[in-house]
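Please keep the sequence and the three-dimensional view at hand while reading.

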Amino acid sequence: MSDFELNPKYEVIIDDLMQQKFCVADDFFTPDEVNILRGNLLKKYEENNFKKSAIGNLADQHIAEAVRGDFILWMDEEIQDEVETVFFNRINDFVNYLNRTCFLGIQDKEFHYALYPEGTFYKRHLDTFQNDSRRKLSMVCYLNDENWQDDFGGELAIYLNENGVEITQNIVPKKGRMVIFESQVLEHEVKTVKQPRLSITGWLKTR
């Protein structure tokens, strides 16, 4: 451990996860990194690479527009482009830090681009499946325009239980904001959007 250095940014995330099971980090990626990630998402969307999202895992997927309305494109680390390399390098550094400091045993990950058209949403749910409980941490990085306003909707609503009382934490999807939370514990939803809402969403998984 002699070559190990504490990362203040990651330590704040870990502290928040321990105390409240979620964290909002506005500086996980630099502004320049956020800009190139946003540009990459828009380029791939304009090339018609996105598909209508489904619910369930690969073993039991079906489209349910009454539940969610986003369009997604899965990211493949094995064939990542130059921009995605920036993304995965940061994610892998974070995973290595978590495994070294918190012994979480993260062995796998999955991420996709997501775009919610105007009027769409994702109803309240939990990021785990009855036949697959490997997801440990959920991560959402928002790639919206800089002038995203509170009344544009699209908030991430996280439902917390404090001493038997449910409390809703509404998080505005501001550009560059990363939200990280426990996949198997916190139910959440995406409120109806009034402007196209862009993000990269994914999960850190155990085996």
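The model is a predicted one, in which local features need pLDDT of at least 70 and side-chain atom pairs count only at pLDDT 80 or more, while totals for chains, interfaces and linings use all residues. Residues are numbered from 1 along each chain as its sequence is written, and side-chain values use heavy atoms, with hydrogens and water left out.

## Salt bridges

A search of the whole structure finds 15 salt bridges, a salt bridge being a side-chain nitrogen of Lys or Arg within 4 Å of a carboxyl oxygen of Asp or Glu.

| E33 | R90 | 2.9 Å |

Helices (H or I, at least four residues) and strands (E, at least two) are DSSP runs, numbered from the N terminus. In the salt bridge between E33 and R90, E33 belongs to helix 2 (residues 31–46) and R90 to helix 3 (residues 82–101), so the pair ties together parts that are 57 residues apart in sequence. Exposure is given as relative accessible area, where buried means under 20%, exposed over 50% and partly exposed in between (1.4 Å probe, protein chains only). By this scale E33 is buried at 14%, whereas R90 is partly exposed at 21%.

R135 is buried, at 10% relative accessibility. Salt bridges with shared partners also join K44, D81 and E84 into one network.

## Helix 2

The buried residues of helix 2 are E33, V34, L37, R38, N40, L41 and K44. Seen down the helix axis they fall within an arc of 160°, so they line one face of helix 2; the arc is that of the directions from the helix axis to the C-beta atoms. The face turned away from this buried side carries the exposed residues P31, D32 and E46. On the buried side, the residues of helix 2 pack against strand 3 (71–75), helix 3, strand 4, strand 6 and strand 11 (197–205), contact meaning heavy atoms within 4.5 Å. Just after helix 2, N48 takes a positive phi of about 60°.

## Aromatic rings

The whole structure holds 14 aromatic pairs, where rings of Phe, Tyr and Trp (its six-membered ring) pair if their centres lie within 6.5 Å, and planes under 30 degrees apart count as stacked, over 60 as edge-to-face and the rest as tilted. The ring centres of F29 and F87 are 5.6 Å apart and the planes lie at 20°, so this pair is stacked. F29 is in the loop between strand 1 (22–25) and helix 2, and F87 is in helix 3, so the pair ties together parts that are 58 residues apart in sequence. One aromatic cluster is formed by F4, Y10, F28, F29, F87, F88, F94, Y97 and F111.

R177 is located in the loop between strand 8 (165–171) and strand 9 (178–182) and is buried, with a relative accessible area of 15%. A polar contact of 2.7 Å joins its side chain to that of D26; such a contact is a pair of N or O atoms within 3.5 Å, where within protein one must be able to donate a hydrogen and the other to accept it, and residues adjacent in sequence count only if both atoms are side-chain atoms. Not counting residues up to four places away in sequence, R177 touches several residues, including V24, A25, V140 and Y142.

H125, in strand 5 (residues 122–125), is buried at 15% relative accessibility. A polar atom of the H125 side chain lies 2.8 Å from the backbone oxygen of K123. Leaving aside neighbours within four places in sequence, H125 is in contact with L186, E187 and H188.
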